[in-house]
Amino acid sequence: MSTLPTKSRLRGVVFDMDGTLTVPVIDFAAMYKAVLGDDEYKRVKAENPSGIDILQHIENWGPDKQRKAYQIIADFEKQGLDRLQIMPGAAELCGFLDGKKIRRGLITRNVKESVDLFHQRFGMMFSPALSREFRPYKPDPAPLLHICSTWEVQPDEVMMFGDSLKDDVACGKQAGALTCLLDEKGRYGSQDFAKLDLTPDFKVSSLNEVYSLLESNFDLTP
């Protein structure tokens, strides 16, 4: 993890949603098995030890097969919506950022319906808030660059914050932004970073650690 030599201004933080702002509730392994079938799931998992990108995997399927796959994914996401819970400390962190006049954006590979429900249920607005209807989606840097352009700031003045090394950190790195990995369960270590050639600028195990990280490394004067 790096510490910036001089305190620079932080203009905005772009959050992932599932597993970052909300408690993870979707059983992704079960979803992947339902989409791929048991045998195909085992094969694809073996070929992608760092994680399956199911959206990318079905991108080139035929229309009927792809439609069925999207329906299965949507069904799992709908079940997740029914159990949507905010991550402990998320509301307080957003209030802290608002107090410092630091903008808040959101990028998720989930659907717009999930983002709308998140906004409604928790009374938190993120703008822009880009769902997977915005193409190309993470880990492509396009959504993050779009937010930077909308805010009229440089990518290196923005932090991408999320719980996925291959989606969130990869997106941030490719865009030229700062990156912070939320690793609640200690899943990631230096070997994982080396394997994917992705090392986040910062790593925290809870949202409560973000305050000191920001205050230590950035000029937060409103």
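Guide: Here is a short tour, from the sheet to the pocket, the aromatic rings and some backbone details. Keep in mind that this is a predicted model.

Visitor: Sheet first, then. How many strands form it, and in what order?

Guide: Six strands form an open sheet, ordered β4-β3-β2-β5-β6-β7, and the pairing is parallel.

Visitor: Which strands are at the edges?

Guide: β4 (129-130) and β7 (202-204) are the edge strands, each pairing on one side only.

Visitor: And over how many bridges do β2 and β3 pair?

Guide: Four bridges, in the parallel sense, between β2 (residues 12-15) and β3 (residues 103-107). Within that pairing, Val13 stands opposite Arg104 in β3.

Visitor: New topic: pockets. How much space lies in the largest pocket?

Guide: About 1,200 Å³. The lining has 41 residues, and Phe28, Tyr32, Asp163, Ser164 and Arg187 are the ones nearest the centre of the pocket.

Visitor: Which helices supply at least two residues of that lining?

Guide: They are α1 (28-36), α2 (38-47), α3 (54-57), α4 (63-82), α8 (165-175) and α9 (190-196).

Visitor: What does the lining look like by class?

Guide: It has 16 nonpolar, seven polar and 18 charged residues.

Visitor: Back to Phe28 and Tyr32. How many residues apart are they?

Guide: Four residues apart, both in helix α1, which is about one turn of the helix.

Visitor: And what sort of aromatic pair do Phe28 and Tyr32 form?

Guide: There are seven aromatic pairs in the count. Phe28 and Tyr32 form one that is tilted, with 6.1 Å centre to centre and 40 degrees between the planes.

Visitor: Why does Tyr32 count as buried?

Guide: Because its relative accessible area is 14%, and buried means under 20%. Phe28 has 37% relative accessibility, so it counts as partly exposed.

Visitor: Which residues form an aromatic cluster?

Guide: Phe15, Phe118, Phe122, Phe126 and Phe161 form one aromatic cluster.

Visitor: What about the bond from Arg135 to Pro136, cis or trans?

Guide: That peptide bond is cis, with omega near -10 degrees. Pro136 sits in the loop between β4 and α7 (142-151).

Visitor: Now phi. What is the phi of Glu152?

Guide: Positive, about 60 degrees, although Glu152 is not a glycine. This residue is in the loop between α7 and β5 (158-162). Glu152 counts as exposed because its relative accessible area is 72%.

Visitor: And what is the phi of Asp197?

Guide: Asp197 has a positive phi of about 55 degrees, and it is not a glycine either. Look for Asp197 in the loop between α9 and β7. Its relative accessible area is 70%, so Asp197 is exposed.

Visitor: Let's finish on the helices. Where is Asn217?

Guide: In helix α10, which covers residues 210-217. Asn217 is buried, at 6% relative accessible area.

Visitor: What does the side chain of Asn217 reach?

Guide: The backbone oxygen of Leu213, at 2.8 Å.

Visitor: And what does the side chain of Thr150 reach?

Guide: It reaches the backbone oxygen of His146 at 2.8 Å. Thr150 is in helix α7, and with 45% relative accessibility it counts as partly exposed.

Visitor: How far is Thr150 from Tyr137, going by C-alpha atoms?

Guide: The C-alpha atoms are separated by 17 Å, with the two residues 13 apart along the chain.

Visitor: Last one: where does Lys78 lie?

Guide: In helix α4. Lys78 has a relative accessible area of 40%, so it is partly exposed. From Lys78 to Gln66 it is 18 Å in space, C-alpha to C-alpha, and 12 residues in sequence.

Definitions and conventions: Residues numbered from 1 in each chain as written. Predicted model: local features only at pLDDT ≥ 70, side-chain atom pairs only at ≥ 80, totals over all residues. Heavy atoms only, no water. Buried < 20%, exposed > 50% of the residue type's maximum accessible area, 1.4 Å probe, protein only. Polar contact = N/O pair within 3.5 Å; in protein donor to acceptor, adjacent residues only side chain to side chain. Pairing = 2+ DSSP bridges. 1 Å grid on protein atoms, 1.4 Å probe; cavity = no way out; pocket = protein on both sides within 12 Å on 5 of 7 lines; lining within 4 Å. Points joined across faces, edges and corners; volume = space filled by probe spheres on them. Nonpolar A, V, L, I, M, F, W, Y, C, P; charged D, E, K, R; others polar. Phe/Tyr/Trp six-rings, centres within 6.5 Å; stacked < 30°, edge-to-face > 60°.
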